Structure formats: structure tokens, C-alpha cells
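Subject: Structure handover

Hello,

Here is the structure I promised you. Please open it before you read on.

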Amino acid sequence: MSGLASAHPAPHRDRVRLWVLLFGVIAAPLLWLAQLIVSYGLSAIVCYRGNHPTTIVSATPVRTALLAFDAVALIVGLAAALVAFASWRAVRAEQQSSGHQALDIGEGRTRFMALWGIMSSLCFLGAIIFHTLASIMAPLCVR
């Protein structure tokens, strides 16, 4: 145990900054959440004046605003996935131990965060893509 206790559980932590790892992990989920809030809020303001649903004359400005935000979400979500992948490539050889050892002493923290960032970013990037498709294809204000 003395040999294991003396080594740091994340020896390659200096290769990737913490804020880079956090960007890879939380940027896409936060943008998906913001995408939901913005699209719901904007649609509610435009389509429901007072307590009654209204029909708008032209949906072009609203749809343009929604698609602009969707484009930003797609670009930043893809950037988060790429940053997480680059982080993982930098630290993928951090610890070459068994899974049991990683559970017991927490080896490979930086590698785990980078890998989690890849999975998180790709999953939420898929959700952002589906929401963008809904913004394109779904009618805005219908009675």
C-alpha cells in the first residue's frame, strides 16, 4: 500500500486545466437547458398574449431568433465534445490499472472527467440536434 499511497491518483492533471474539463462536462447540458428555456419563453411571449392563444402574422423573426440560438447551442455543444475529446487524448494513459484499483483509490480522475465530458457532450448534442429539428419543423402558433 505504501507504493500506491505515494503516487498521486491523477498524475497527468497538469496536462489539462480544470476549467477545460468542466467545459467539456457541463457546456452541452447547460446549452440544452438554455435552449429549452429560451424557446419555451419566447414562444409563450409571442403566442400567448394575455390568457388566450393568438395567431401571429409572421413567424419569421421569432423563428430566426430561435434558429440563431439553436445554431449557437450546436456550435458550442460540438466545441465541448471536441474539447473533451482533446482532453481525453492528453490524459488517456494516466493510469493503466484495473477497475477495482480505480474504485478503491480513485485513480485516473482526470481521465474519468474527460471521458465523462465526451459522453455528456455527445448525448446532449443529440438532444440539441433534435430540439433544433423541432424548431425548424414545428409550427409556432397554431389554434
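Below is what turned up, starting with a pair of helices and moving on to some rings and a histidine.

One caution: the model is predicted.

**Two helices side by side**

Start with helix 2, residues 18-47, and helix 5, residues 109-137. Their axes come within 6 Å. They cross at roughly 20°. Angles under 35 degrees count as roughly parallel, so helix 2 is roughly parallel to helix 5. The crossing of helix 2 past helix 5 is left-handed.

Which residues of the two helices meet? On the helix 2 side, look for L21, L22, G24, V25, A28, P29, L31, W32, Q35, L36 and S39. On the helix 5 side, look for T110, M113, A114, W116, G117, S120, S121, F124, A127, I128, H131 and T132. What kinds of residue make up this contact of helix 2 with helix 5? There are 14 nonpolar and nine polar residues, and no charged ones.

**Aromatic pairs**

The structure has three aromatic pairs. Here are two of them.

One is W32 with F124. Their ring centres are 5.5 Å apart. The planes make an angle of 55°, and the pair is tilted. W32 sits in helix 2 and F124 in helix 5, so this pair ties together parts that are 92 residues apart in sequence.

Another pair is F112 with W116. The ring centres lie 6.4 Å apart. The planes are at 15°, so this pair is stacked. Both residues are in helix 5, four residues apart, so about one helical turn separates them. F112 is exposed, with a relative accessible area of 52%. W116 is partly exposed, at 43%.

**A buried histidine**

Now find H131 in helix 5. Its relative accessible area is 16%. Buried means under 20%, so H131 counts as buried. What does H131 touch, leaving out residues up to four places away in sequence? The list is Q35, L36, S39 and D70. Among these, Q35, L36 and S39 belong to the helix 2 side of the contact with helix 5.

**Where to look**

Begin with W32 and F124, the tilted pair. Then go along helix 5 to H131.

Best wishes

Methods:
Residues numbered from 1 in each chain as written. Predicted model: local features only at pLDDT ≥ 70, side-chain atom pairs only at ≥ 80, totals over all residues. Heavy atoms only, no water. Axes fitted to C-alpha atoms, helices over the stretch in contact; angles between N-to-C directions. Parallel < 35°, antiparallel > 145°, perpendicular 65-115°, else oblique. Left-handed = near helix turned anticlockwise from the far one by under 90°. Contact = heavy atoms within 4.5 Å. Nonpolar A, V, L, I, M, F, W, Y, C, P; charged D, E, K, R; others polar. Phe/Tyr/Trp six-rings, centres within 6.5 Å; stacked < 30°, edge-to-face > 60°. Buried < 20%, exposed > 50% of the residue type's maximum accessible area, 1.4 Å probe, protein only.
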